[in-house]
Amino acid sequence: MDISHHTHLRGPNLWSYDPVMEMVVDIGDLEDWPSDRIPGYPERLETWLPGLVEHRCSYGERGGFLRRLQEGTWPAHVLEHVTLEIQTLAGVPGGFGRAREAGPRGVYKVAVSCREARVTRAAVEAARDLVLAAMDGKPFDVAGAVAEVRRLADRHWLGPSTAAIVHAAEARTIPAIRLNEGNLVQLGYGSRARRIWTAETDRTSAIAEGISRDKHLTNSLLRACGVPVPEGRTVESAGDAWEAAREIDAPVVVKPVDGNHGRGVFIGLTTQAEVEAAYRVALEEGSGVLVERAVPGREHRLLVVGGRMVAASRGEAAYITGDGRATIAALIEAQLNSDPRRGETQDHPLNPVRLDSIVRLDLQHQGFTPESVPGEGVTVLIQRNGNMSVDITDAVHPEVAAKAVLAARIVGLDIAGIDLVAEDISRPLGPQRGAIVEVNAGPGLLFHLRPSNGPGRPVGEAIVEHLFPAGDDGRVPVVGVAGSTHTTATARLVAHLLSLRGLRTGLASATGLCLDGRCVDRRDASNFDAARKLLTNRTLEAAVIESSLRTLAIEGLACDWCEVGVVTGLDPRHVMPEHRVKDADDLYKVLRTQVDVVLPTGTAVVNADDPVVAEMAALSKGAVIPFSASPFNEPVRAHCAKGGQAVFVRHGRLTVATGATEQALAPMDALPAFRAHGAVPVLAATAAGLALGLPLELIRTGLETFTAVAASGADAAC
């Protein structure tokens, strides 16, 4: 089974609205061996990958793919489903897959969901080996293959917290663009875009983040505003720490002034030896040490987003139970670190327990060492904090929630994790001497998304709502232009019209990359990366993107959706056999993508003089404006008869029609753009202007001034 031509289509494409990996798969002589002809083959696949039962396949029902296996299907189709299942088991989102014969005999095109090319390629290679092993009746290490794909996903894909925010944005049709190899993501386009980095946003103040890291300063600010906090002070030495403990009255907490994740925090200390030992460890974890009153109760984390408490979790202390045989160190591994919730990656809500100095001091406090063997049934406390795992959102008293929101506001954080200790979270803090002990910037979201007990909370949705209040989709007007001919002139003309409207407009076309009429790069910009540069430019208020046929075939569109999609024409001679686009049908599938991504509130602009392109009008989820060189064009006449808008030429004049009402804008031969580029760009750009709601007088002015402006210098290079 030979797999070649791995193509990562990063945007909407001929296969799917979502990114896919397209491959050419040559199964050779295996074409003669469908799955029903190989004894035990379907059963081995089902045993190794029981999740295949959820693949509905062509029958549209649970178990559909397994039914196809029993009836007989070919290895390329099996490769598709096994790849998707391996990705699913590795925690990689996306369930789209297709396998199609591509000729000659035994050669297929296979496309599968692909968020990250390195991950999907590994999944494909593992799937090929698994399929061949199942056919040959040989053993295969499924768990090992999945683990390797998961390792790559952990390394290269978004963490679960960031992914939750991205998925929430996409559910609201807010576009998302990953800006680096980590978790920096842009939501929205151009000047309407916002940025996130896990649970931090471009509204997260650097000053507020600095304040939150200084626990003593945070404590002072909260106390000044009436928020209950534990008494305490910073200390300069081990002796000073004990002196502070005596002032406060034991038990006390010793912790770093600027530590995080619970590192170096010691709770419930009562003796001088404990306090001084804790001081030395806490000093290693931060730049100073703080001694505070130990607040009675349990640890809680409240998540505040945009002035609302949206989730809350309760911490659980970690214990082991002796069996009279194993050491405490061994029991930690067997009883705590074996918990599937514990791990090193962001997929794990709990961290592994390490025998660090904090654990050793807590054991010493109880009279144990890691090598001690506790008797059968003896319970030993291992870790006091850092184990947020139980959802208690619905139990939080409104007054407690209000104090958490106030604490975030005082520090200045738009998103904050508020750590508080209380015996009963359902009662106000005052009577039970509860207190807020920390305010954290960039809080972890995973234990709110996947608590060990209780429902997960929609914290991703809350963050998206904070950044994009209801009704805000984070979009600027985006016009996509595609076709076999006239695309560059059309794109330039539409950009000129938007600039006249007063919008700071970006243009990516075959003649270069332009920002607000200034050419910044004269290289061909009708590609994915150039278009993405526009969409991530936060100064732009509109974007016009020309996508070449090659870009559509091997990269996909740079935008997920667009307000206006223009298709200028389809020339069957412009096939691309080197990219497996062999005939007019393939070209149609490539070009239709520009119409497929028109928003329901947007408009498709199609050349009605091209019968194949005219058919694409039926694919638009939004409105349609056809254009033609003749008022007698049948698709145009039918569209106007239904009250629709159209653009055409009548008696040599550029004419706009809405239903039976027509308005002539200008003689075609008086328009410099027509004389320079012909009728198609003028008609298409006029229709795009109508779709964008531009006044007719502005459209006329733009058409009359286009060549003069282009030659004046600002746009000359493009």
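Keep in mind that the model is predicted.

Let's start with strand E12. E12 covers residues 289-293. Is E12 mostly covered or mostly open? Mostly covered: five of its five residues are buried. Now look at its neighbours. Strand E9, residues 232-235, pairs with E12 in the antiparallel sense, over four bridges.

Next, strand E22, residues 512-515. Which residues sit on each side of E22? Gly 512 and Cys 514 are on one side. Leu 513 and Leu 515 are on the other. All of them are buried, so both faces of this strand are covered.

Strand E21, residues 505-509, runs antiparallel to E22, and four bridges join them. Ser 509 stands opposite Gly 512. The link from E21 to E22 is a hairpin of two residues. Then comes strand E23, residues 518-521. E22 and E23 pair in the antiparallel sense over three bridges. Leu 513 stands opposite Asp 521 in that pairing. The hairpin of E22 and E23 has two residues between the strands. Within that hairpin, Asp 516 takes a positive phi near 55 degrees.

Hold on to that angle. What is phi in Thr 198? Near 55 degrees, a positive value in a residue other than glycine. Thr 198 lies in the loop between strand E7 (194-197) and strand E8 (200-201). Its relative accessible area is 18%, so Thr 198 is buried. His 651 also has a positive phi near 55 degrees, and it is not a glycine either. You will find His 651 in the loop between strand E28 (645-650) and strand E29 (653-658). Is His 651 buried or exposed? Exposed, because its relative accessible area is 74%, and the cut-off for exposed is over 50%.

On to a helix. H11 spans residues 328-336. Its buried residues are Ile 328, Leu 331, Ile 332 and Leu 336. Look down the axis of H11: the buried residues fall within an arc of 110 degrees, so they line one face of the helix. Why does such spacing work? An α-helix has 3.6 residues a turn, so residues three or four places apart point the same way. And what covers the buried residues of H11? The cover includes strand E15 (318-321), helix H12 (357-365) and strand E16 (379-383).

Now the rings. How many aromatic pairs does a search of the whole structure find? Two. In one of them, the ring centres of Tyr 17 and Trp 561 are 5.2 Å apart. Their planes make 25 degrees, so this pair is stacked. Where do these residues sit? Tyr 17 is in the loop between strand E1 (2-9) and strand E2 (20-26). Trp 561 is in the loop between helix H18 (549-554) and strand E25 (562-567). So the pair ties together parts that are 544 residues apart in sequence. Tyr 17 is partly exposed, at 38% relative accessible area. Trp 561 counts as buried, at 18%.

In the other pair, Trp 48 and Phe 140 have ring centres 6.2 Å apart. The planes are at 35 degrees, so this pair is tilted. It also links distant parts of the chain, 92 residues apart. Trp 48 is in helix H1, residues 41-48. Phe 140 is in the loop between helix H4 (117-136) and helix H5 (142-156). Phe 140 counts as partly exposed, at 23% relative accessibility.

Rings can also sit under a charge. The charged end of Arg 67 is over the ring of Tyr 59, 3.7 Å from its centre. The charged end of Arg 650 is over the ring of Phe 632, 5.8 Å from its centre.

Last stop, the cysteines. Cys 514, in E22, is buried.

Methods
Residues numbered from 1 in each chain as written. Predicted model: local features only at pLDDT ≥ 70, side-chain atom pairs only at ≥ 80, totals over all residues. Heavy atoms only, no water. Buried < 20%, exposed > 50% of the residue type's maximum accessible area, 1.4 Å probe, protein only. Pairing = 2+ DSSP bridges. Phe/Tyr/Trp six-rings, centres within 6.5 Å; stacked < 30°, edge-to-face > 60°. Lys NZ or Arg CZ within 6 Å of the ring centre and 35° of its normal. Arc of directions from axis to C-beta. Contact = heavy atoms within 4.5 Å.
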